[in-house]
Amino acid sequence: MSEHTCSPGCQHGVTPGNEAHIKEEFHEARRSFLKDAFAVGSTTAALGAMGITMSSNAFAQSPKVGTGRANHFYVPANDKTVHWGFFSKSLKPLIEVESGDYVTLETLTHHANDDAERMVRGDAGAESVFYWDSKRKGVDRRGIGAMNAKVGAGGGLGVHICTGPIAVKGAEPGDILEVRIVDVTPRPSANPLYKGKAFGSNAAAWWGFHYGDTIEEPKKREVITIYEVDATGERNYASAVYNFRWTPQTDPFGIVHPIIDYPGVPVDHKTIKENHNVLKNVRIPIRPHFGTMGVAPSEADMVNSIPPNYTGGNIDNWRIGKGATLYYPVSVSGGLFSVGDPHASQGDSELCGTAIECSLTGTFQLILHKKASLPGTALESLKYPLLETQDEWLLHGFSYPNYLADLGPDAQNSIFAKSSVDLALRDAYRKMRDFLMTTQGLSEDEAISLMSIAVDFGITQVVDGNWGVHALVKKSIFPPRKN
């Protein structure tokens with residue numbers, strides 16, 4: 001995989017089971033274009049030809065590609081290419097890319113087994129990941145917990161299926177990794193009964209902000225809603241198919257799960273009641289994005305995928321989709337970039353615990369900014385994940401900006417009891433104040449006034465242990481930057 005560059009007719013990573021899927025999403029004409037466009041090394045040209053209108057990134061110049069040519073790598077999602085429930089600085093990278101290279105990564109939702117007929121059946125990659133019989137699981141470890149945990153290996157202390165990691169040649173601590181999201185597409189159902197459709201699951205679960213604060217009986221209940229998405233891209237909305245209440249599920253190892261306490265437990269539909277005609281005639285706007293995306297932290301060997309941190313991870317901001325750019329501070333050699341937790345749509349706060357958890361495929365350009373090149377630039381003091389869209393900059397505040405360092409040896413447990421919106425808002429305020437003062441040359445008084453009248457602070461999520469508040473400022477309020 002590490003020496004491979006995709007080209008027209010490429011069969012890299014293709015098995016008989018997933019060949020049709022790959023050909024459907026990345027057909028010959030598109031791949032020919034990608035090869036030609038990427039060879040130029042021009043993000044603007046590639047984005048424009050794909051129908052994306054995107055202004056030049058405000059904080060980055062054109063990438064300097066080490067080979068003089070940007071390569072395009074394809075990484076399918078299967079039991080050999082994913083890690084489930086954690087980031088780790090010790091993971092061996094799947095591939096190493098040069099700054100400026102493009103990588104297409106398939107990602108799988110960890111909720112696919114809520115309806116395996118629609119989201120797993122016939123999909124060789126998904127089947128290899130979710131395989132589970134009385135003797136073995138396709139991916140055994142799910143989380144950072146003990147391998148002999150009662151609920152399952154890894155204990156579910158971390159839940160997201162992440163594809164990666166990808167190493168960037170020359171990346172070292174102190175550098176900045178720029179990740180441009182060139183394209184995002186839904187993963188079609190491989191079941192012939194659902195041709196042209198994709199599906200996602202929304203779990204109103206015990207970790208949701210709403211849990212226990214309900215008015216109908218039973219007051220404490222977990223409800224799964226299955227949504228349908230048009231995989232062809234012709235419809236820009238999702239529709240509910242049915243919902244059901246979680247009932248105790250017995251996994252193939254014989255462990256009973258009274259609640260959603262372990263990721264990927266197959267739901268036996270003979271034990272639940274499907275309620276159809278829910279959210280009838282309601283259209284949910286599609287906003288495909290990646291809830292979990294980032295680089296590996298240095299503070300611990302294995303890091304739970306649930307709480308977000310200064311290196312990114314489970315930020316759960318629906319704006320992290322096609323056309324957006326993320327800037328991450330590199331913490332370990334190679335960066336070790338991974339992507340997972342794909343969503344078809346989500347509202348700010350992700351209130352009930354999840355979004356429409358829907359498998360997606362993304363194409364990314366990875367650009368390395370060396371530490372020595374940062375002085376005097378807007379990226380010089382960046383110590384958190386910064387999101388840039390065509391029209392906005394968004395800064396992510398967390399209850400604890402670097403909870404692994406802030407909370408000591410027990411950080412990965414104690415974070416879940418210590419988060420608050422107040423703390424996250426305070427962090428977002430401080431980051432935006434610094435951002436305005438350093439990138440726009442404002443005084444502190446000017447920055448504070450501007451924040452109150454022109455910056456929108458929103459609740460990113462209140463369900464990921466380390467709660468998030470984002471601060472959004474429009475680019476248009478500032479004069480053009482002088483290069």
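This report describes the strands, helices, nonpolar cores and salt bridges of one predicted model.

Residues are numbered from 1 along each chain as its sequence is written, and side-chain values use heavy atoms, with hydrogens and water left out. Because the model is predicted, local features need pLDDT of at least 70 and side-chain atom pairs count only at pLDDT 80 or more, whereas totals for chains, interfaces and linings use all residues.

## The open sheet and its helices

Helices (H or I, at least four residues) and strands (E, at least two) are DSSP runs, numbered from the N terminus, and two strands are taken to pair if DSSP finds at least two bridges between them. On that basis nine strands form an open sheet with mixed pairing, in the order E1-E5-E21-E7-E18-E22-E23-E25-E24. Its edges are strand E1 (72–75) and strand E24 (455–461), each of which pairs on one side only. From one strand to the next the twist averages 25 degrees, where axes are lines fitted to C-alpha atoms, for helices over the stretch in contact, and angles run from 0 to 180 degrees between N-to-C directions.

Within this sheet, strand E22 (residues 386–388) and strand E23 (residues 392–398) are antiparallel and share three bridges, with Glu388 standing opposite Trp393 in E23. Helix H8 packs on the sheet and touches E22, E23, E24 and strand E25 (468–474), its direction making about 135 degrees with that of E23; contact here means heavy atoms within 4.5 Å. Helix H9 (residues 444–454) lies across E24 and E25 and runs at about 70 degrees to E24.

Phe73 and Glu96 are 23 residues apart in sequence, and their C-alpha atoms are 9.8 Å apart in space.

## Strand E6 and its partners

Strand E6 (residues 161–168) has eight of its eight residues buried, so it is largely enclosed by the rest of the structure. Three bridges join E6 to strand E2 (residues 82–84) in an antiparallel arrangement, in which Trp84 stands opposite Ile161. Strand E4 (residues 95–97) is also joined to E6 by three bridges, but these two strands run parallel, and the bridge partner of Val97 in E6 is Val168. With strand E19 (residues 337–345), E6 pairs in the antiparallel sense over three bridges, and Thr163 stands opposite Val339 of E19.

## Strands E8 and E9

Strand E8 (residues 197–204) is mostly covered, with seven of its eight residues buried. E8 pairs with strand E9 (residues 223–230) in the antiparallel sense over eight bridges, and Phe199 stands opposite Glu228 in E9.

## Nonpolar cores

A nonpolar core is a set of buried Ala, Val, Leu, Ile, Met, Phe, Trp, Tyr and Cys residues joined through side-chain atoms within 4.5 Å. The largest holds 33 residues, of which Ile166, Met293, Phe337, Phe364 and Leu366 touch the most other members. Apart from it lies another core, of 30 residues, including Val82, Ala126, Ala153 and Ala205. In soluble globular proteins, nonpolar side chains tend to be buried together.

## Salt bridges

The structure holds 19 salt bridges, each defined as a side-chain nitrogen of Lys or Arg within 4 Å of a carboxyl oxygen of Asp or Glu. Three of them are listed here.

| Residue | Partner | N to O distance |
|---|---|---|
| Arg118 | Asp115 | 2.9 Å |
| Asp123 | Arg187 | 2.7 Å |
| Asp427 | Lys431 | 2.8 Å |

Arg118 counts as buried because its relative accessibility is 14%, and Asp115 counts as buried at 3%. Asp123 and Arg187 are both buried.

Asp427 and Lys431 both lie in helix H8 (residues 421–439), four residues apart, about one turn of the helix, and both are buried. Elsewhere, salt bridges that share partners join Glu106, Asp123 and Arg187 into one network.

Terms used
Buried means under 20% relative accessible area, exposed over 50%, partly exposed in between (1.4 Å probe, protein chains only).
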